[in-house]
Amino acid sequence: MSLYVVEWERSRLLTLGPAMVLVDCGEGTADAWTRSGLRPWGPDAVLFTGPKAAQIAGLYGLLDAMSAADRSEPIRLLHGLDNEGVGNLVGAFLQSEQCPYPVALEADRPGAVLMVGGLRCASKATHQGLRWSISGEGREVSFG
């Protein structure tokens, strides 16, 4: 099993075995996901490095695509404490759609560690938002 990183224009996908973590969710992420032939119900978690539109604009579309794919597993969305945009997008989605899966929206405190399968995701505060270090199987990558 190896840690793989797929980069799209405004997001990155990290996989280790069946575990999938998306870092940022820019506009067009749902379309890129579909074109890539990845599992239609989406990633296990989405980590945001900051509140800019380039980092969050595709979230509504991704949540909608996962609903259409009959996702039933919960998804975790981790963002910085100052990132109201993520919460607003999730709130709008949950109010307008019948969401068949739980959405856990978590405001992350720097230093938090999230385990997704064999992926260890650790956050650190920067002046621009959060920096994520994601490691697994002896490899580490950082974003933010």
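1. Start with Gln55. This residue is buried, with a relative accessible area of 16%. The cut-off for buried is under 20%, so Gln55 falls inside that class. Keep in mind that the model is predicted.

2. Where does Gln55 lie? It lies in helix H2, which covers residues 53-56. Setting aside residues up to four places away in sequence, Gln55 touches Asp24, Cys25, Gly26, Phe48, Thr49 and Gly50.

3. Next, the aromatic rings. A pair of aromatic rings is described by the distance of the centres and the angle of the planes. The count here is two aromatic pairs. One of them joins Tyr60 and Phe93. The ring centres of Tyr60 and Phe93 are 5.4 Å apart and the planes stand at 85 degrees, so this pair is edge-to-face. The angle is over 60 degrees, which is why that label applies.

4. What does the Tyr60 and Phe93 pair tie together? Tyr60 belongs to helix H3 (residues 59-68) and Phe93 to helix H4 (residues 84-96), so the pair links parts that are 33 residues apart in sequence.

5. Tyr60 is partly exposed, at 27%.

6. H3 and H4 pack at an angle of about 35 degrees. Their axes are 9 Å apart. The crossing of H3 past H4 is right-handed. On the H3 side, the contact is made by Leu59, Tyr60, Leu63, Asp64 and Ser67. On the H4 side, Val86, Leu89, Val90, Ala92, Phe93 and Ser96 take part.

7. Arg71 lies over the face of Tyr101. The distance to the ring centre is 5.6 Å.

8. Turn to strand S7, residues 113-116. Which residues are on its covered face? Leu114 and Val116 are. Val113 and Met115 make up the uncovered face.

9. S7 pairs with strand S8, residues 119-126. The two strands run antiparallel and are joined by four bridges. Met115, on the uncovered face of S7, has Arg120 of S8 as its bridge partner.

10. Last, the turn. S7 and S8 form a hairpin with two residues between the strands. Gly117 takes a positive phi there, near 55 degrees.

Definitions and conventions:
Residues are numbered from 1 along each chain as its sequence is written. This is a predicted model: local features need pLDDT of at least 70, side-chain atom pairs count only at pLDDT 80 or more; totals for chains, interfaces and linings use all residues. Side-chain values use heavy atoms; hydrogens and water are left out. Rings of Phe, Tyr and Trp (its six-membered ring) pair if their centres lie within 6.5 Å; planes under 30 degrees apart count as stacked, over 60 as edge-to-face and the rest as tilted. Buried means under 20% relative accessible area, exposed over 50%, partly exposed in between (1.4 Å probe, protein chains only). A charge sits over a ring if NZ of Lys or CZ of Arg is within 6 Å of the ring centre and within 35 degrees of the ring normal. Two strands pair if DSSP finds at least two bridges between them. Axes are lines fitted to C-alpha atoms, for helices over the stretch in contact, and angles run from 0 to 180 degrees between N-to-C directions. A crossing is left-handed if the near helix is turned anticlockwise from the far one by less than a right angle, and right-handed if clockwise. Contact means heavy atoms within 4.5 Å.
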